[in-house]
Amino acid sequence: QVHVVESGGGLVQAGGSLRLSCVVSGSFFKINDMAWYRQAPGKQRELVASTTSGGSTDFADSVKGRFTISRDNAKNTLYLQMNSLKPEDTAVYYCNSAVDFDGSGRLSPYWGQGTQVTVSS
């Protein structure tokens, strides 16, 4: 069983910062790619940022230069540092982890329950 738990969301004024964390626990061989998604009311879930196990990163155009993604592989933890927040960043933020249970390279995706980020104008 794998558990994915996000934390760090909250209410912040425009221009402020938040740092989200995502801890993955359970019995598995390794975590491959990890990513942050978000879903605003009435909109589809969208990819915000992703990182490979080797540390390569990618960002949605809307957050480039403002958000940073990082991971601590020893702690199975993913972070999202969000700076210069805008009201349009308001959404529920979800962590996604691609888990390799046995070293075979076969990956299973796991999602957390999400953490609410609200940016006031």
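**Note on the loops, strands and sheet of this model**

1. Asn-76 sits in the loop between strand 7 and strand 8 (77–82). This is a predicted model. The phi of Asn-76 is near 50°, a positive value in a residue other than glycine. Most residues other than glycine have a negative phi. Asn-76 counts as partly exposed because its relative accessibility is 24%, and buried would need a value under 20%.

2. Ser-84 also deserves a look. Its phi is positive, about 50°, although Ser-84 is not a glycine. Look for Ser-84 in the loop between strand 8 and strand 9 (91–100). With a relative accessible area of 41%, Ser-84 is partly exposed.

3. Now turn to Arg-66. The loop between strand 6 (57–59) and strand 7 (67–72) holds Arg-66. Is Arg-66 buried or exposed? Arg-66 counts as buried, because its relative accessibility is 11% and the cut-off for buried is under 20%.

4. What does Arg-66 touch? Leave aside residues up to four places away in sequence. Then Arg-66 touches Gln-81, Met-82, Asn-83, Ser-84, Leu-85, Lys-86 and Asp-89. Ser-84, with its positive phi, is therefore one of the residues in contact with Arg-66. The side chains of Arg-66 and Asp-89 are also joined by a polar contact of 2.7 Å.

5. Next comes Asp-33. Strand 4 (residues 30–39) contains Asp-33. At 37% relative accessibility, Asp-33 counts as partly exposed. Not counting residues up to four places away in sequence, Asp-33 touches several residues, including Thr-51, Thr-52 and Ser-53. Arg-71, Asn-96, Ser-97 and Ala-98 are also among the residues that Asp-33 touches.

6. Check one distance at Asp-33. Asp-33 and Gly-55 are 22 residues apart along the chain. Their C-alpha atoms are separated by 9.2 Å.

7. Which strands form the open sheet, and in what order? The sheet has 4 strands, in the order 1-3-8-7, and the pairing is antiparallel. Strand 1 (2–7) and strand 7 stand at the edges. Each has a single partner strand, so one side of each is left without a neighbour in the sheet. From one strand to the next, the twist averages 15°.

8. Last, look inside that sheet. Strands of a sheet pair through backbone hydrogen bonds. Strand 3 (residues 18–26) and strand 8 pair in the antiparallel sense over 6 bridges. Tyr-79 in strand 8 stands opposite Ser-21.

Terms used:
Residues are numbered from 1 along each chain as its sequence is written. This is a predicted model: local features need pLDDT of at least 70, side-chain atom pairs count only at pLDDT 80 or more; totals for chains, interfaces and linings use all residues. Side-chain values use heavy atoms; hydrogens and water are left out. Helices (H or I, at least four residues) and strands (E, at least two) are DSSP runs, numbered from the N terminus. Buried means under 20% relative accessible area, exposed over 50%, partly exposed in between (1.4 Å probe, protein chains only). A polar contact is a pair of N or O atoms within 3.5 Å; within protein, one must be able to donate a hydrogen and the other to accept it, and residues adjacent in sequence count only if both atoms are side-chain atoms. Contact means heavy atoms within 4.5 Å. Two strands pair if DSSP finds at least two bridges between them. Axes are lines fitted to C-alpha atoms, for helices over the stretch in contact, and angles run from 0 to 180 degrees between N-to-C directions.
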